Amino acid sequence: MKRIFAFFCTLCAIITGSAKTLVVYYSYTGNARAIVTELTNHISADVLEIQPAEKGLHYEANNYALGMQLLNAISAAPDNAASYPAIDESRAIARYGSTYSTVIIVTPLWWSRMAAIMQSYLFRTGADLAGKKVGLIVTSASSSISGVVADCKRLVPNANYLSDNLWINNSNRANMPTLVANWIDACGLNQAQTALQIKVTAAGKTFEATLADSETGRAFAALLPMTVTMNELNGNEKYHYLTSSLPTDAYQPGTIQAGDLMLYGNNCVVLFYQTFSSTYSYTRIGAINDPTGLSAALGSGNVSVRFEKSELTSLTRNAQTDSAPCTKVMENGVLYLKHNGTTYNVQGQEIR
Ligand SMILES: Cc1cc2nc3c(=O)[nH]c(=O)nc-3n(C[C@H](O)[C@H](O)[C@H](O)COP(=O)(O)O)c2cc1C
């Protein structure tokens, strides 16, 4: 039964076509595009190319003056949407949403900054990347990439960044395929996705949550199952002090989202049930996938909350070790899935 359910988890992913990794890139002269081509030789990912709305511009003309002008406009008012060049809307601009657990940004460096149009995209979508695994690959002629990294962290402040960025420049470009392959290995991107799902239960209502793929998320998972009393604070959060500390990687999220599961200091677990602005620093533990009803379940006072690993976590892992191919077949307008000679309907029930 478990195996069928595990298999069904895989089927669901196939039916919805939900890739777990998005590669988003901009390329003016083709170097970033070549990196993306190499990336997709190694990993399965959706690819989204960002293009500017205004066509035919020569960013390199007059000693790269237009490129600089666009970046200066962003620097003058980085919080104003009007400062960012318009994106070509005729192309599908996927919102990240919950579809992707990993997003790889591939961008050229301009004047030691992130190319302007990639900044436009991240300005609009960066908030959707909170808690997601984000990798950064930068291509430049020779300038080092610290300014691009800073732009990325300004625009996407709440992501779980991969520890290594990849920098391709004119000196190492001939080795780009090897460098990309090594980077993928170093980041573990070619391994199966094992986002850790847990269940959070309060007052008889259970919520699915996803833990951050980080030392903190894994250390928290190691404590489960755990039932604790969480104390009410400020009408927006419940907290509990652990008896041991967890690894920290604190940042200022700015906006707390209802459902965020955070670590305050190194041992205070905080479950937020309202969305609000905050100046405090936290380390992300994870987030409730759908916080609808969370506030009601947690109530207005102290509350007992149970955290436990979701069965889905181990079952999904089983599914990932099942390497037999699964094919979609359409018969009389009905979609079926075939696996190991058996046909299933889209609910995962064996048909024949
Ligand atoms: C407007 C503009 C500004 C640039 N500024 C720099 C720079 O400051 N330092 C550098 O090393 N390369 C600079 N470059 C070169 C690009 O970073 C490099 O050629 C990159 O590989 C281009 O990627 P692409 O082919 O995907 O567009 C600049 C290119 C442009 C168009």
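How close do the axes of helix α4 and helix α5 come, and at roughly what angle do they cross? That is where I'd like to start this morning, everyone. Before I answer, please keep in mind that we are looking at a predicted model.

So, to the helices. Helix α4 covers residues 116-125 and helix α5 covers residues 146-155; their axes come within 9 Å and cross at roughly 25 degrees. Angles under 35 degrees count as roughly parallel, and α4 and α5 are therefore roughly parallel to each other. If you want to find the contact on the screen, look for Q119, L122 and F123 on the α4 side, which meet D151, C152 and L155 on the α5 side. Sorted by class, that contact has four nonpolar residues, one polar and one charged.

Now let me step back to the whole chain for a moment. We have nine helices and 20 strands. The chain has 352 residues, and buried ones make up 33% of them. As for contacts, take those between residues at least 6 apart in sequence: 72% of these join residues at least 24 apart.

Let's go on to a second helix pair. In general, two packed helices are described by the angle between their axes and the distance between the axes. For helix α2, residues 31-42, and helix α6, residues 176-187, the angle is about 50 degrees and the axes are 10 Å apart. α2 and α6 are therefore oblique to each other, and their crossing is right-handed. From α2, the contact takes in A34, I35, E38, L39 and H42, and from α6 it takes in M176, P177, V180, A181 and I184. By class, we get eight nonpolar residues here, plus one polar and one charged.

On to the strands, and to one I'd like you to look at with me. Is strand β16 largely enclosed or largely open? Strand β16 runs over residues 283-288, and six of its six residues are buried, so the rest of the structure largely encloses it. Who are its partners? One of them is strand β9, residues 205-211, which pairs with β16 in the antiparallel sense over three bridges. Within that pairing, A209 has I288 of β16 as its bridge partner. Strand β13, residues 260-264, also runs antiparallel to β16, and four bridges join the two. There, D260 has A287 of β16 as its bridge partner.

Last, a few backbone details for those of you who enjoy them. Which peptide bond is cis, with omega near 5 degrees? The answer is the one from L224 to P225. You'll find P225 in the loop between α7, residues 215-222, and β10, residues 226-233.

Then there are two residues other than glycine with a positive phi. N62 has phi near 50 degrees, and its place is in helix α3, residues 61-76. N62 counts as exposed because it has 11 C-beta neighbours inside 10 Å. A203 also has phi near 50 degrees, but A203 sits in the loop between β8, residues 197-202, and β9. With 11 other C-beta atoms within 10 Å, A203 is exposed. And β9, you'll remember, is the strand that pairs with β16.

Terms used. Residues numbered from 1 in each chain as written. Predicted model: local features only at pLDDT ≥ 70, side-chain atom pairs only at ≥ 80, totals over all residues. Buried ≥ 20, exposed ≤ 12 C-beta atoms within 10 Å, placed from the backbone. Pairing = 2+ DSSP bridges. Axes fitted to C-alpha atoms, helices over the stretch in contact; angles between N-to-C directions. Parallel < 35°, antiparallel > 145°, perpendicular 65-115°, else oblique. Left-handed = near helix turned anticlockwise from the far one by under 90°. Contact = placed C-beta atoms within 7 Å. Nonpolar A, V, L, I, M, F, W, Y, C, P; charged D, E, K, R; others polar.
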